[in-house]
Each structure stands twice: as structure tokens, then as C-alpha cells.
Amino acid sequence: MSILNLLYSLFQQTKMMYNKSIKYTEWALTGVFALATALFFAFPYRYHLYFHEQNQLLLLTWDYFLKAISVPGGFSDWLGEFIVQFFRLVYPAALILGIFMAKIQVFSSKLISRFSGRYDVLGWAVGFLPAVLVLIHLASDNAIVGGGVAFLMSISMLYACTKVEEDRVRRIVGIASVVAAYWLAGPIALLNAVGVLSYEILVRRSKCPVFIVSVVALAVLSPVVSHLFVPVRYPEFFYGLHYDRLPGEVAWWLWAADFSLCLIMVLSALSTYVKPMGAKLNHVISVALLAIVCVCGISGLRSVRNDIMERTFMYDKMYVDADYDSIIKEYAEELPVDAYSAPVYNNLAMAQKGLLLEDMFTVPQRGIDGLLPEYEGGFFSQIACAEVLFQIGFASSAHRLFFEAQESVPDYRKTARCYKALARTNIVMGYESAARKYLDALSHTLFYRHWAKETLALLGDEKAISEHPIYGPLKRRLPRGFDMLFNVDNLTRPLGLLCVENNSNVIAVQYLMAYSLLNGDLNSFAAFYNSASFREQPRACQEAAAMIPGYPKATEAAVKRFRQFNLDIQQKKDASYMKRTYGDSYWYYYSMMQARNAKKQN
């Protein structure tokens, strides 16, 4: 008997160690998921966080809070905005999102275990599916973080309901949670209605008709009644006001997470009616399921990821941080250039450092759109164009574009980026009362408060503004004899007037000459170049001057190399040789432009 007791004791200890190892493995997988999410947002998708932070303006005031929670799902949206304001800090923000996604997985797995009536590795593995679907939702450019918050809030409220053991109390709490979850989290709280019904009917085997009718009626009537008090389009009460940035769009990935978890809960409850599978088969299915979820998650992230927009966000962030060297370096290494605002910010960064006419043709150019982008109806195309106009000295036109960018935000929200820009343009133009309106709002934010209060202290002190390292130079670039609003299709005349009036405006001078070069207008270039004065003749100007026969400012070295360029063309050297030898010259750009124009005419 002693030997049998010893063997039984060893068996029990081995079983306990095995169960512990399984549990540690489960938590380790959750940790890996959280870490992978954090690394994804910290490195390959870091500027995606910046985009979200710049496109909202969370005011820490009671009025803003009460207005936010006055619509279904408003509370979860407000919590999402509260989280997003920390996206300015990339690594802490990535860590927050990693923990956030781990919480969704853990709550989903625990909720599944409540419905299945047992804790096993399969339930833990299945819990990764809704979490990965929410992650794909958050990776979309137009996704609102409040949607993910709403999903987590919904499943945590449902889990709390299932933990109540006393039947009558649990039913009362379940009925109340259907209404509360809809108002706090929005339509995604359909999960709550399905969950409390499934748990009560399939798990607790309850047949209380009053409870069933009450839950179904409240789930259907909540959006209908809400529409009577909230002036919002009717369909949005059913698919969500605050899940996607584009009005009228359905956040499909978020709803996929919601429906998948609803289905899993029902199937888990039904599994209690059949004989459970063996532990070995359970583990095999769990591993296979994790592999499938992993593959599907990676595929889903690739499908929603927009690399071009991520690069656009990157250049914008670098410019806001005045990191001109990084813009120039990144642009030179990025071939081919795909972000439409990349050449705009690169040219502006070079102009800020006085290198535009020196180095502009050493990197790819996109014609005059590389100086000022053609308006494409997007938020960032207007922002990039406005930044250029502001730095040149056309503050009025920049102000108009910043305002239009603010109004073109799809979900009609105010943005911190535009509020800050509008405050700056008003200060430079001398409209201090208008600037105060924007600064007062920014003073109620968490991360812009310090800047707003410092800037508010400048108002009314003209000397302080004139001596300010940012506002002083911008004020001195303003047109003195004229102030106009104009289209950016043709900058020659306004730039020429600005340069004649103030030839110390080096950014305007660079843009005026660059504009004529990119247009291939050598006559205008020669006229501008005659009146300009440079300590050292910029490379692009030397090369353009060499193309004008007998032009006095053409240097001997540039003329000699241009002759060799023409000779190589006459000898019909291959395209790769010409690009390798002359690809950094104005002549190569000019010849390619002429070829494109000829092709269009034919």
C-alpha cells in the first residue's frame, strides 16, 4: 500500500506540474502577444500613432466631457481620446496598446471559460481571435481608438455579470447592463445582449420569459429610443457613431470581433451538452488554432496597413519637430518616393537650411507639385501646402488652407495640429484676439497646455513677438505692400512681388527660382537670377545658366560639363549611363521633363 500511495502521490505532483506549465505557457503567449503589439506600434507603425494624436483635440473640461457622453458610445469614445493624447509619447503609447490588447484577450478567454463551464487551453487560445480582429481594426488609418475601448468595456461588463451567482440579482444586473453598455459603449454592446441571454439560457438553464423578453426588447429599443433624443443619422445608432473616422462607414473588423466572440460564447455554452474532448486533442487543436489566428492576423494587418500614408505621417512629424536633417536624409534614401507630400517637405527642409537651389536636383523631383502639392481633397495635402506658404511669407493663404484642412476632417472633429497652426498664423498676421481663441482651447489640453500658456503671454507684447525666434522671422517675411489670397497654381507673380519687396526673404527667393526651374522656364529664371545676389552661386543655378547661350553668369565648369552632356546625348548613350552620370543635374531633369511633355502631346 505504501508503494501505491507513493506512486499516486508522484502522479498527482506530475499532474500539478503539468497543469502549472500549461498555465504559464498560456500567460507567456499573452505576454508575447502584448509585446508583439507594442513593438508593431513602436517601430513599423509609430507614425500611425502620431496621426491619431494630431487628429483630435481632447479638452479637459466638464463641458467637453458632458457633450461627449451625451450620445451612445460617447463615454468609450472619450476614454479613447484620453488614451490617444498619450500617443505623442511613442514608446509609452505602444506599451499602453500592448497591455490594452492583452486585456481584450484575457477577458475574452475568461468569458469563454465562463460559458464553457471549464478552464482549458482551447478556451485560452480561442480568446486570441477577437483580440487580433480588434488589433487589425486599430491599425486602420480611419479607425477610432474609442471602438477598441468600447469592445473591451462591453466584454468586461458581460464578464462581471456572469460572475454574479445569485439568479435574481444576476438577471437584474444583466438587464441593466444591456442599456448601460449600449449608452457607454455604443452598438458594439450587442455582445452584452447576446451574452446575457446565452449565459442565462444555455449555461444557467433558465426559462424566465420576463428576463428573455426584457433583454430582447431593450436591445432593440435602445437605438430606436436614443434616436428620439440625439440628432444623429438613424443608421449610425445601429453600427456606431465613434468607431470609424469616415461618416457612414462601418468598422467591419471591429464588428467581426464582436460577432466572432458572440458565436464563440454560444458554441462554448453548447459544448457543455456534449462530451468534452481529450486533453491531447484539445492541445493539438489549440496549437493549430493559434497558428491560424497568427497567420490571419498578419494577413489582416497587411491588408489595412497603408505604407504610403505611414511615410506621409513620418515626413509631417519630422517637419513639426523641425528635424530638417532627418527629412533630407530620409528622402535621399527613399527610392522610389511614394508619399505624395515627401518632395514637398524635403524641398521645404532644404529651403530652411538654404540648400534648395544647391541640392534640389540631386534627389527625385515631381515638377512644381514638389514645391506646392496639388490639392487632392485630403487633410495632409492642404497641411503640407499651408506649411510652405506660411514659411514663404503668405500667412493669409496659409491660414485659409489650415482652416480648410480643419474643416475637411472626415468626422468633423477639431484637431490639435490645426488649432496650433491657426494660432501661429493669427499671431504672425497680428490678429491676437483670434489667436487667443485657439490658444485658450489648447490651454485646456494635457500636452499643449504649456506651449499655449507661454504663447498667450506673448500676446499684446509686439516687441516680444518681433524678437521671438519663430514669430519674428515669419513676421518679417510678410508682404508689406500687399496682402492677398491666391491659388497655388501659379506662384510666379506673387513670389516675384514678394522678392522685389523684400530680397532678404531667402526662402521666397529660393522658391521663386526653383519654381521657374521646375517649370523649365529658363527666360524667367535668367531674369530672376540677374537680380538675385548669392555669396556662392548655387549648383542648380550654375547648371541652368550653362543652358543659356552667352549667359554671363554661366560658370566655365558648368558649361564644360553641359557640353559633355549634350555630346553623350548625341552619341545616344544608354539611359542607365545618363542617369548614373548626370542624374544629379538640372540638365537631366530638364531633358526628362521635355521627353514627358513630348509624349503627352503625341
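In the predicted model, Asn346 lies in helix H17, which spans residues 342-352. The residue is buried, its relative accessible area being 0%. Leaving aside residues up to four places away in sequence, Asn346 is in contact with Ile327, Ile328, Tyr331 and Val363.

A helix-helix contact is formed by H5 (residues 90-116) and H7 (residues 128-138), whose axes come within 7 Å and cross at roughly 145°. The crossing of H5 with H7 is right-handed. On the H5 side, the contact involves Leu97, Phe100, Met101, Ile104, Gln105 and Ser108, and these meet Phe128, Pro130, Ala131, Val134, Leu135 and Leu138 of H7. By residue class, the contact of H5 with H7 comprises ten nonpolar and two polar residues, and no charged residue.

The cysteines were examined for disulfide bonding. A disulfide is a covalent bond between the sulfur atoms of two cysteines. With a cut-off of 2.5 Å between cysteine sulfur atoms, the count of disulfides is zero. Two cysteines illustrate this result. For Cys262, the closest cysteine sulfur belongs to Cys161 and lies 14 Å away, so the separation is too far for a bond. Cys262 is buried, with a relative accessibility of 7%.

Notes. Residues numbered from 1 in each chain as written. Predicted model: local features only at pLDDT ≥ 70, side-chain atom pairs only at ≥ 80, totals over all residues. Heavy atoms only, no water. Buried < 20%, exposed > 50% of the residue type's maximum accessible area, 1.4 Å probe, protein only. Axes fitted to C-alpha atoms, helices over the stretch in contact; angles between N-to-C directions. Helix = DSSP H or I, 4+ residues; strand = E, 2+ residues; numbered from the N terminus. Left-handed = near helix turned anticlockwise from the far one by under 90°. Contact = heavy atoms within 4.5 Å. Nonpolar A, V, L, I, M, F, W, Y, C, P; charged D, E, K, R; others polar.
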